[in-house]
Amino acid sequence: MVEISCTINGEAWSGEVEESRVLVDFLRREHQLTGTRVACDHAACGACTVLLDGLPVAACATLAFEADGGAISTIEGLADADGRLHPLQQAFLDESVFQCGFCSSGMIMLATALLDAKPDPSRQDIIEWMGANVCRCTGYTQIIDAIAHCAGKQKRLP
């Protein structure tokens, strides 16, 4: 067991974790943050994307103890305390992005990192960043539109 301290969605946490425990299991099992999805277990699909110190990481390939001293943000931490959705969450609703919804939390977390790094991304920036995550329902056009909308881009992809 390894002793760690971190912040999860703004709340301090300290305790022990197994050395082999991956971050996605730590979040889902010990903290009931089930919005972070498990899909490929190989860091290939992006469904498990969370932010660690503001950077996107594959929670299925990151060991929980690697978050020691860090700040973890999950999809559950994006909405305001009063329940108002984060602008990206609202944009995904407004643009009808959700089909099966399985990839959505990872997509939103990756898009959050994108907009933090580039508040006014080009469509090409959005396409390149979001290429790290897989949507099996082929909702990419709506995903890109939602991110562009949130960033203030009103143009639609052809």
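Reader: Which cysteine sulfur is closest to that of cysteine 100, and how far away is it?
Author: The structure is a predicted model. In it, the closest cysteine sulfur to that of cysteine 100 belongs to cysteine 137, at 3.7 Å.

Reader: Is cysteine 100 buried or exposed?
Author: Cysteine 100 has a relative accessible area of 56%, so it counts as exposed, the threshold being over 50%.

Reader: And what about cysteine 60: buried or exposed?
Author: Cysteine 60 is buried, with a relative accessible area of 9%.

Reader: How many disulfides are found in the whole structure?
Author: A search of the whole structure gives zero. Cysteine 60 is in no disulfide either, and the nearest cysteine sulfur to it, that of cysteine 48, is 3.7 Å away.

Reader: Turning to the sheet, what is the strand order?
Author: The order is β2-β1-β5-β3-β4, in an open sheet of five strands with mixed pairing. β2 (11-17) and β4 (55-58) are the edge strands; each has a single partner, so one side of each lacks a neighbour in the sheet. From one strand to the next, the twist averages 40°.

Reader: How do β3 and β5 run, and how many bridges join them?
Author: β3 (residues 49-52) and β5 (residues 71-73) run antiparallel and are joined by two bridges. Leucine 51, for instance, has serine 73 of β5 as its bridge partner.

Reader: Which helices lie on these strands?
Author: Helix α3 (residues 104-117) packs on the sheet and touches β3, β4 and β5, its direction making about 35° with that of β3. Helix α1 (residues 23-31) lies across β1 (2-8), β2, β3, β4 and β5, at about 75° to β1.

Reader: Where does threonine 36 lie?
Author: Threonine 36 is in the loop between α1 and β3. This threonine is buried, with a relative accessible area of 2%. Leaving aside neighbours within four places in sequence, its contacts include Val24, Leu27, Cys48, Val50, Thr74 and Ser105.

Reader: Finally, at what angle do α3 and α4 pack?
Author: α3 and helix α4 (residues 123-130) pack at about 135°, with their axes 10 Å apart. That makes α3 oblique to α4. The crossing is right-handed. Among the residues making the contact are Met107, Leu110 and Leu114 of α3, and Ile126, Trp129 and Met130 of α4.

Terms used: Residues numbered from 1 in each chain as written. Predicted model: local features only at pLDDT ≥ 70, side-chain atom pairs only at ≥ 80, totals over all residues. Heavy atoms only, no water. Pairing = 2+ DSSP bridges. Helix = DSSP H or I, 4+ residues; strand = E, 2+ residues; numbered from the N terminus. Axes fitted to C-alpha atoms, helices over the stretch in contact; angles between N-to-C directions. Contact = heavy atoms within 4.5 Å. Disulfide = S-S within 2.5 Å. Buried < 20%, exposed > 50% of the residue type's maximum accessible area, 1.4 Å probe, protein only. Parallel < 35°, antiparallel > 145°, perpendicular 65-115°, else oblique. Left-handed = near helix turned anticlockwise from the far one by under 90°.
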